[in-house]
Amino acid sequence: MQRVEQHASFGGRQEVWQHASATLGCDMKFGVYLPPAALAGEACPVLYWLSGLTCTEQNAITKGGFQPHAAQHGLIVVAPDTSPRGEAVANDPAYDLGQGAGFYVNATQAPWAPHFRMQDYVADELPALVERHFATTGRRGIFGHSMGGHGALITALRHPGRYASVSAFAPIVAPSQVPWGQKALGAYLGADTAAWAEWDAVALITSLPEGAERLPLLVDQGEADEFLAGQLRPELLAEACERVGHPLTLRRQPGYDHSYYFMASFMGDHLAHHARALKPAD
């Protein structure tokens, strides 16, 4: 690992690190916010942020506004890139496929399969790397926006016991049923729609067995979001959770759109949600 950027921030330090990813077969960057407690040598829980389409590690760390809340709660926040990168990595001219649009799945189809294994990267390789290089308590939470909200939900659902908390801003809750998801899942996973269900939060929640882990979900959705009706469909998540008794707090925020202005407005609520689970009272 090589640190390529660092900035003092709210008593802590915002850093960017680069490393060679064995999972993705390319160099990757990720942001790490170290709160004052971490700089003082205290082991801290880690909260993983997954960004949306077209983003890199830079979007959340410069526009998300999480640093003062992470400093207050003593949380390390890790924000990876959204896909593998590089000349040897497959790409597509469209913004919603290829580099910048990994969708947090493990691709099985050519030309994507050799590099596009973002689920294994965010769920396995990245946490192992972070916990090897920073002092952590071993407790993890995960959240994200849009494509990254989809990624946070499916990652928590696919790995019961690995995360103590999960939340999302404007997530793509049912990619099998909306154009963004159908395009990406079809390209990365092939035409068999049965395989898509493993990467669809609504499908995963609907099929949870009796006694399975049910982490409480916090979801914020702007009502002025231009993608609300066509791509995000939060009502499908609400229906699935109600059907199987999965705890969900879905907050519809009047006047808010799909931008980082929306996320920054409610970031404090999400960090508090995660802190309650990651740092339970003694």
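In this predicted model, strand 3 (residues 26-34) is largely enclosed by the rest of the structure, because 7 of its 9 residues are buried. Strand 2 and strand 3 pair in the antiparallel sense, with 9 bridges between them. Within this pairing, Val-16 stands opposite Gly-31 of strand 3. The two strands form a hairpin, and 4 residues lie between them.

Arg-3 has Trp-17 in strand 2 as its bridge partner. Strand 1 and strand 2 form a hairpin as well, with 2 residues between them. In this turn, Phe-10 has a positive phi of about 50 degrees. As a general rule, the side chains of a regular strand alternate between the two faces of the sheet.

The chain as a whole contains 11 helices and 9 strands. A compact globule of 282 residues would have a radius of gyration near 19 Å, and the value of 18 Å for the chain agrees with this. The C-alpha trace spans about 50 × 45 × 40 Å along its principal axes. Of the 282 residues, 57% are buried. When contacts between residues at least 6 apart in sequence are considered, 71% join residues at least 24 apart. The accessible surface of the chain comes to about 10,900 Å², and carbon and sulfur atoms account for 51% of this area. The side chains include 19 positive and 28 negative ones, and the centres of the two sets lie 4 Å apart.

Ser-146 is found in the loop between strand 6 (136-145) and helix 5 (147-158). With a relative accessible area of 2%, Ser-146 is buried, because this value falls under the 20% cut-off. Apart from residues up to four places away in sequence, Ser-146 touches Phe-169, Ala-170, Pro-171, Ile-172, Trp-180 and His-258.

When residues up to four places away in sequence are not counted, the residues touched by His-246 are Leu-157, Ile-205, Leu-208, Arg-214, Leu-215, Leu-217 and Cys-241.

Lys-63, by contrast, belongs to helix 2 (residues 57-63). At 44% relative accessibility, Lys-63 counts as partly exposed, since the value lies between the limits of 20% and 50%. Leaving aside neighbours within four places in sequence, Lys-63 is in contact with Tyr-260 and Ala-264. Lys-63 and Tyr-261 are 198 residues apart in sequence, whereas their C-alpha atoms are 7.9 Å apart in space.

Notes. Residues are numbered from 1 along each chain as its sequence is written. This is a predicted model: local features need pLDDT of at least 70, side-chain atom pairs count only at pLDDT 80 or more; totals for chains, interfaces and linings use all residues. Side-chain values use heavy atoms; hydrogens and water are left out. The radius of gyration is taken over C-alpha atoms; the globule rule is 2.2 Å times the number of residues to the power 0.38. Buried means under 20% relative accessible area, exposed over 50%, partly exposed in between (1.4 Å probe, protein chains only). Contact means heavy atoms within 4.5 Å. Accessible areas come from the Shrake-Rupley method with a 1.4 Å probe; for residues, only the protein chains shown count as cover. Lys and Arg count as positive and Asp and Glu as negative; His and the chain ends are not counted. The place of a charge is taken as NZ of Lys, CZ of Arg, CG of Asp or CD of Glu. Two strands pair if DSSP finds at least two bridges between them.
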